Amino acid sequence: MASLPLLYLFLFLHLSLPSTGVSERVLLRSLGDGGRGADAAVDLNSTNFDEVLKSSPTSYAIVEFFAHWCPACRNYKPQYEKVAKLFNGPDAAHPGIILMTRVDCAMKMNANLCDRFSVGHYPMLLWGPPAKFANAKWDPKQEKSEIDDGRTSQRLLNWINKRIGSSFNLDDDKYENENFLPRNASDPEQIARAIFDVEEATAKAFEIILEHKMIKPETRAPLIKFFQLLVAHHPSKKCRRGSAELLVNFDEMWPSSHLSLNSEEATQLYGRDATESTAVCGKEAPRGYWMFCRGSKNDTRGFSCGLWVLMHSLSVRVEDGESQSAFVAIRDFIHNFFICEECRRHFYDMCLSVKTPFESTRALSLWLWQTHNKVNERLMKEEENLGTGDPSFPKSIWPSRQLCPTCHLNPATSTEVQWNEDEVFKFLVKYYGHTLAPLTKEASTGQSQTDLLTTNDSAGGAVSAESVPMWAALGIALASVTFGALACFWRAQQKNRKYSHHLRSLKNI
């Protein structure tokens, strides 16, 4: 019987949660993150070109095709780098908009890649959506994608500004000249970009937990329950996989008998830096910047926005029978691990006001929506009085009429908002369940995740298992129903193996 749970776990980890290539993770994590003097533009080659560009969170990409022996290319590199530093990496003035890369066509391994794009001179700059570069059928000449006026950094930036309607400057600092922020209040499709922000928020939350040594005997159970929720329902496959790996190794990494040790003793005990082996959402996260949740100032939106998007996404993805356990997992996670004391207390007080257990996805997602609006209403007044809000993204009651006209019962001229909760629930399911989905292509079908999650506006529950591929439904079902038991079984097996190893060591003394 012991082999059956292990078989389920194997199926879950290897079918439901495809891994991401190491080269992609390393490259994406290192955008502008190298040592002092490291290039901002990312060097690509035939082995990682499609993988990296297909996975990029940016809206646009520039690829410079060059040859290392070309004097003009060597002279052009500083010009290209000046622009790349504006867009690549967490310290860039405008991260997450354009991925700037280069390919050395003088390397034999890149010959077919350069032929694919009909490279006829050096340097040659091509522009387009990142995923489109990975399409072998794309003809750059037919698409008119070559940048024909980028011989200096200023001319290249002028070309970019003209193309996307921006006004970036070479001397922009971070959070300066922010005229290209996403207009989340009026464009429902912007939420699709938040898949990168929920990865960022998940990774950042766990990073904070480790940095502040918040895993203690009394917080183990809440953290394990939250990991179980993430394994089953996190919108990112990378985070589902990372959470699963952390969960099954939890006792090995944080034995309950050693949680009271100081940091020096813990390092000696574990023999490694925990942060290096706890990449909950892949090694590229946290990236250090935000997409959908990017504010116009350094200290606005960001992490708190990403956490709200994650919680809303979880609330519409759970099934009716999981709604109460999901509520408890979210409540206890915020109560134990959200480091803003006042925010944590306010949220916990609102949770304590819930007197009846949740019995449906609808009830949970609507409660979280109402709670979020109460928080916005309170912060709206405080930020107005103190002048601490984001002028580009002021707090408001949502969804706005632009996002969901049918959610509002009263006319626009009315000062009081009346909600059609059936329509609000449909909006939440579509917005945080269907539209918020991984943007990468499925290799086997060529369909995007957004296409695979077909819209189902019935008010009866969360994103149904019928609307996802069979392998994903199997993984979610296994995770939802059996993962808690499997994790306990797996941890028990680990303890038994350790005990046996200890006995063998004693015999050898």
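User: Hey, quick one to start: is Phe250 buried or exposed?
Analyst: Phe250 is buried, since its relative accessible area is 0%, under the 20% cut-off. Bear in mind that this is a predicted model.

User: Thanks! And Phe227, buried or exposed?
Analyst: Phe227 counts as buried too, with 2% relative accessibility.

User: How many aromatic pairs are there?
Analyst: The count comes to 25 aromatic pairs. One of them joins Phe227 and Phe250 in an edge-to-face arrangement, at 6.5 Å centre to centre and with 70° between the planes.

User: Nice. Which parts does that pair tie together?
Analyst: Phe227 belongs to helix H10 (residues 220-233) and Phe250 to helix H12 (residues 250-253), so the pair links parts that are 23 residues apart in sequence.

User: What about Trp308 and Phe347, what kind of pair do they form?
Analyst: Trp308 and Phe347 are edge-to-face, with 6.2 Å between centres and 70° between the planes. Trp308 sits in helix H14 (residues 303-317) and Phe347 in helix H16 (residues 341-352), so this pair connects parts 39 residues apart in sequence. Trp308 is buried at 14% relative accessibility, and Phe347 is buried at 6%.

User: Switching to charges: which residue lies over the face of Tyr76?
Analyst: That's Arg151, at 5.2 Å from the ring centre of Tyr76.

User: And where does Arg301 lie?
Analyst: Arg301 lies over the face of Phe393, at 4.2 Å from the ring centre.

Notes: Residues numbered from 1 in each chain as written. Predicted model: local features only at pLDDT ≥ 70, side-chain atom pairs only at ≥ 80, totals over all residues. Heavy atoms only, no water. Phe/Tyr/Trp six-rings, centres within 6.5 Å; stacked < 30°, edge-to-face > 60°. Helix = DSSP H or I, 4+ residues; strand = E, 2+ residues; numbered from the N terminus. Buried < 20%, exposed > 50% of the residue type's maximum accessible area, 1.4 Å probe, protein only. Lys NZ or Arg CZ within 6 Å of the ring centre and 35° of its normal.
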